[in-house]
Amino acid sequence: MKIMVDADACPVKELIINCARKHALEVIMVCDVAHMLFYNEDFVKTVTVDQGADSADLAIANRTQAGDICITQDYGLASLLLAKNATVLHHNGFFYTQENIDRMLFERHLSREMRRQKKSRGGHIRKRTKEDDEKFLSALEKAIERGK
């Protein structure tokens, strides 16, 4: 079991690394050249891909095996990883499942259509809180325990 991270916009990279250190797990951070990452930890590998709409997603999908834990906020990538029998987690601390992924993909489609028609749903992105980090860490610990 390893932890794969869609690292370009992931706000919980340090939490992932600390948790992986505690459990002696390998972490693979995948990012594009615009978000290059460097870590001095032996158990953290960085894979840098070309910029492109799906470059990081394809690199993650190709490296993921059944039983791996994957962290992403991309619903399309999550769907691919679920098909590979990976445990897929959002950085907000919820699990993607076969039961919820279709709804999420449909909502993403509706949002794109509204943006295309310039009918924004509005709203703003709220600032990440300590509670958000705690929820994510709890879910990650649960995923690791399930995988053992």
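Five salt bridges are present in the structure, each a side-chain nitrogen of Lys or Arg within 4 Å of a carboxyl oxygen of Asp or Glu. The model is predicted: local features need pLDDT of at least 70, side-chain atom pairs count only at pLDDT 80 or more, and totals for chains, interfaces and linings use all residues. Residues are numbered from 1 along each chain as its sequence is written, and side-chain values use heavy atoms, with hydrogens and water left out.

One of the salt bridges joins Lys-2 to Asp-68, with the closest N and O atoms 2.6 Å apart. Lys-2 lies in strand E1 (residues 2-6) and Asp-68 in the loop between H2 and strand E4 (69-71), so the pair ties together parts that are 66 residues apart in sequence. Helices (H or I, at least four residues) and strands (E, at least two) are DSSP runs, numbered from the N terminus.

Helix H1 (residues 13-23) packs with helix H5 (residues 130-147) at an angle of about 35°, their axes being 11 Å apart. Axes are lines fitted to C-alpha atoms over the stretch in contact, and angles run from 0 to 180 degrees between N-to-C directions. Contact means heavy atoms within 4.5 Å.

| Helix | Residues in the contact |
|---|---|
| H1 | Leu-15, Ile-16, Cys-19, Lys-22, His-23 |
| H5 | Asp-133, Phe-136, Leu-137, Leu-140, Glu-141, Ile-144, Glu-145 |

By class, this contact of H1 with H5 has seven nonpolar, one polar and four charged residues.

Technical notes. Ala, Val, Leu, Ile, Met, Phe, Trp, Tyr, Cys and Pro count as nonpolar, Asp, Glu, Lys and Arg as charged, and the others, Gly among them, as polar.
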